[in-house]
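Colleague: I'd like to learn how to read pockets and helix packing in a model. Could you take me through them one at a time?

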Amino acid sequence: MKEFLTLIRNRISKLISRVRGELTLETRIKVITIITIDVHSRDVINKFVNQKIVEQAHFAWASQLKFGMEKKNPKDDQKQVVSTICDWKTWYNYEFIGNVGRLVITPLTDRCYITLTQALNLSMGGAPAGPAGTGKTETTKDLGRALGLQVVVFNCSDQMNYNGMGLIFMGLSQAGSWGCFDEFNRIKIEVLSVVSTQVKICLDAIKRLKTNPANSLFVFDEESIHMKVTSGYFITMNPGYAGRTELPENLKALFRSCAMVVPDIVLICENMLMAEGFEEAQDLSKKFMTLYNLAKSLLSQQIHYDWGLRAVKSVLRQAGGLKRENPDGSEYEILMRALRDFNLPKIVVEDRKIFKDLIADLFPNMDPPRAQNE
């Protein structure tokens, strides 16, 4: 494991230097995706080495999403890709996902993966719940992406009726895709009471299919249709907002809940900096998040201020662009410039001095010139 750790560290540093070069957009996305997955592998192996984990039965190893090759049919010589996490196992589905990049995988993402896959193991739906920007929908989409499955996201509204929902469930069951119903508790309570029956019919059909793979036919809305065992139903909810419905108890019982409150923002920041070509990512990510956390607590409350994950992402993209323009420049100066020039225009006059002082404390004796449009 120690040998592999050295190997993967060397590979990451080579990929980071490659990102800094001239690449086409498709190749850049591809390299960034490999860095994202490799950084997670590095962190996991580092944990194994530090904790001296050598047993295959150890939970730290079992809880990782792993891929291997197995024979699907004992009579057949052809091996297929199989995905396992804890005691849940599925065959890879070979759905064309496209070159879309991957989510930064942190220990919290791993926990969510375990909860959602165990829900599928129990023939239930998954229900990540938490405030906006914590990665509920993205984590569900990324798990589907890792398993080679199509994930269809539906933004729910109070205009949805049970007929439309029934058609969606029929489509997902026959296609074997996952459906992620975003902000599910916006749907009216009278519609949700019918939806609970529809979901129950689908989940019962999956249960029967697992015990008897030949029995895929089931009746839904007076129509006989075939169920594919890979079908999955996920709902995400923002609790505590006005105009949101409390789910009926019979519907709650069909979904396994997963609380998602705060993303691992420093790890995400470090990973994104690496993907943008920064060598000093670990140090810089701490400075970045210290600035944002202090700005959130010290500056005045304005409607347009955003110190969350989405704002972090856009600043990191800017920093990546500056890094590519000046590949040999000081990384601290490049990040300081991105943080200063990207945030100052939106900060109100009375907060400017505090924000400038925070940047001066985190990046002492640095004052790179602003970018000027000629």
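Modeller: We'll go through the pockets, then the helix pairs. This is a predicted model, where local features need pLDDT of at least 70 and side-chain atom pairs count only at pLDDT 80 or more, while totals for chains, interfaces and linings use all residues. Residues are numbered from 1 along each chain as its sequence is written, and side-chain values use heavy atoms, with hydrogens and water left out.

Colleague: What volume does the largest pocket have?

Modeller: The general idea: rolling a probe the size of a water molecule over the atoms shows where empty space is left. A pocket here is an open set of points on a 1 Å grid over the protein atoms alone, where a 1.4 Å probe fits, with protein on both sides within 12 Å along at least five of seven lines. Points are joined across faces, edges and corners, and the volume is the space filled by probe spheres set on them. For the largest pocket that comes to about 1,300 Å³.

Colleague: And which residues lie nearest its centre?

Modeller: Leu103, Val104, Glu138, Met272 and Lys313, out of 49 lining residues (lining means an atom within 4 Å of a point). Helix 2 (25-51), helix 4 (107-121), helix 5 (136-146), strand 10 (255-259), helix 9 (265-275) and helix 11 (309-325) each give two or more residues to that lining. Those elements are DSSP runs numbered from the N terminus: helices are H or I with at least four residues, strands are E with at least two. By class, the lining has 21 nonpolar, 13 polar and 15 charged residues (Ala, Val, Leu, Ile, Met, Phe, Trp, Tyr, Cys and Pro are nonpolar; Asp, Glu, Lys and Arg charged; the others, Gly among them, polar).

Colleague: Which element gives the most to the lining of the second largest pocket?

Modeller: Helix 2, with 7 residues. That pocket holds about 720 Å³, and 27 residues line it, with Ile37, Leu65, Phe67, Arg102 and Ile105 closest to its centre. Its lining counts 15 nonpolar, 7 polar and 5 charged residues.

Colleague: On to helices. At what angle do helix 10 and helix 13 pack?

Modeller: Two packed helices are described by the angle between their axes and the distance between the axes. Axes are lines fitted to C-alpha atoms over the stretch in contact, and angles run from 0 to 180 degrees between N-to-C directions. Helix 10 (residues 281-298) and helix 13 (residues 349-362) sit at about 155°, axes 10 Å apart, which makes helix 10 roughly antiparallel to helix 13 (over 145 degrees; under 35 is roughly parallel, 65 to 115 roughly perpendicular, the rest oblique). The contact (heavy atoms within 4.5 Å) includes Leu291 and Leu294 of helix 10 and Phe355 and Leu358 of helix 13.

Colleague: Is the crossing of helix 1 and helix 2 left-handed or right-handed?

Modeller: Left-handed. Helix 1 (residues 2-19) packs on helix 2 at about 155°, with axes 9 Å apart, so the two are roughly antiparallel.

Colleague: What about helix 11 and helix 12, at what angle do they pack?

Modeller: About 130°, with axes 9 Å apart; helix 12 spans residues 331-343. That makes helix 11 oblique to helix 12, and the crossing is right-handed.

Terms used:
A crossing is left-handed if the near helix is turned anticlockwise from the far one by less than a right angle, and right-handed if clockwise.
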